[in-house]
Amino acid sequence: MIEQQNYRVRMITDDISTDDIIPARYKHMYTDPAQLAPHLFENRFPDFVSTLQPQDIIVCQGIFGIGSSREQAVSTLLAAGISMIVAPAFGRIFFRNAWNLGLLAIEADIIGFREGLSVECVINEGCFIAEVPLSDFYPPSAQMLAVVNAGGRLNYIINQLSQEQEKQIL
């Protein structure tokens, strides 16, 4: 269940493509996202993945997830422990893949965010709380949050089908 949580901000500059997130050479090499995770941002920010901690979020100063429709970009971020990306804009296919796989992709003004900042996110209210003022954002719909809470759209659908079957049995 998504709740109000504290996160540590990890800043990334410039526009980020799905090739930056996970280099193409690994796309067909591995099918398990856990095997892809060590290669997160390998070409762009070589030591980034080794500095990740639980509850880190990525805040990008540019457009995040432009380029190909590589679903592995999202699954790699999730496998590396990233549960939220905040950016002023997203590549549209990446944005849809993120929500479909259960990664929070929040479009927001990022003024005030900085590396290492501790941020509380009140997702249902569309706000960040920190020692500095941060912009609000449009809260995701209840449906989108239900998909994330289920661990992605596939799990959400399976849960819905299971609930329907239980109702039919009763």
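Colleague: Which strands make up the open sheet, and in what order?
Modeller: This is a predicted model, and in it 3 strands form an open sheet in the order β2-β4-β6, with parallel pairing.

Colleague: Which strands stand at the edges?
Modeller: Those are β2 (16-17) and β6 (89-90). Each has a single partner strand, so one side of each is left without a neighbour in the sheet.

Colleague: How many bridges pair β2 with β4?
Modeller: There are 2 bridges between β2 and strand β4, residues 63-66, in the parallel sense. If you want a spot to look at, I16 has F64 in β4 as its bridge partner.

Colleague: OK, over to β1. Which sense does its pairing with β8 have, parallel or antiparallel?
Modeller: Antiparallel: β1 (residues 5-12) and β8 (residues 118-122) pair over 4 bridges. You can see N6 standing opposite E120 in β8 there.

Colleague: And how many bridges join β1 to β3?
Modeller: 5 bridges, and β1 and β3 (residues 56-60) run parallel. V9, for instance, has I57 in β3 as its bridge partner.

Colleague: Switching to rings. How many aromatic pairs are in the whole structure?
Modeller: A search finds 11 aromatic pairs. One of them is Y26 with Y30, which is stacked, at 6.3 Å centre to centre and 10° between the planes.

Colleague: Is Y26 buried or exposed, and why?
Modeller: Y26 is buried, because its relative accessible area is 9% and the cut-off for buried is under 20%. Y30, at 22%, counts as partly exposed.

Colleague: What about F41 and F48, why is that pair edge-to-face?
Modeller: Their ring centres are 5.3 Å apart and the planes are at 85°, so the pair is edge-to-face; over 60 degrees is what that label takes. Both F41 and F48 are buried.

Colleague: Which residues form the aromatic cluster?
Modeller: F64, F90, F94, F95 and W99 form one cluster. F64 is also the residue in β4 that partners I16. Over the face of F95 you'll find R92, at 4.7 Å from the ring centre.

Colleague: Last one, G102. Where is it?
Modeller: G102 is in the loop between α5 (92-101) and β7 (104-107). G102 counts as buried, because its relative accessibility is 14%.

Colleague: What is G102 in contact with?
Modeller: Leaving aside neighbours within four places in sequence, G102 is in contact with L78, V148, G151 and G152.

Colleague: And how far apart are G102 and F128?
Modeller: They're 26 residues apart in sequence, and 20 Å apart in space from C-alpha to C-alpha.

How values were computed: Residues are numbered from 1 along each chain as its sequence is written. This is a predicted model: local features need pLDDT of at least 70, side-chain atom pairs count only at pLDDT 80 or more; totals for chains, interfaces and linings use all residues. Side-chain values use heavy atoms; hydrogens and water are left out. Buried means under 20% relative accessible area, exposed over 50%, partly exposed in between (1.4 Å probe, protein chains only). Contact means heavy atoms within 4.5 Å. Two strands pair if DSSP finds at least two bridges between them. Rings of Phe, Tyr and Trp (its six-membered ring) pair if their centres lie within 6.5 Å; planes under 30 degrees apart count as stacked, over 60 as edge-to-face and the rest as tilted. A charge sits over a ring if NZ of Lys or CZ of Arg is within 6 Å of the ring centre and within 35 degrees of the ring normal.
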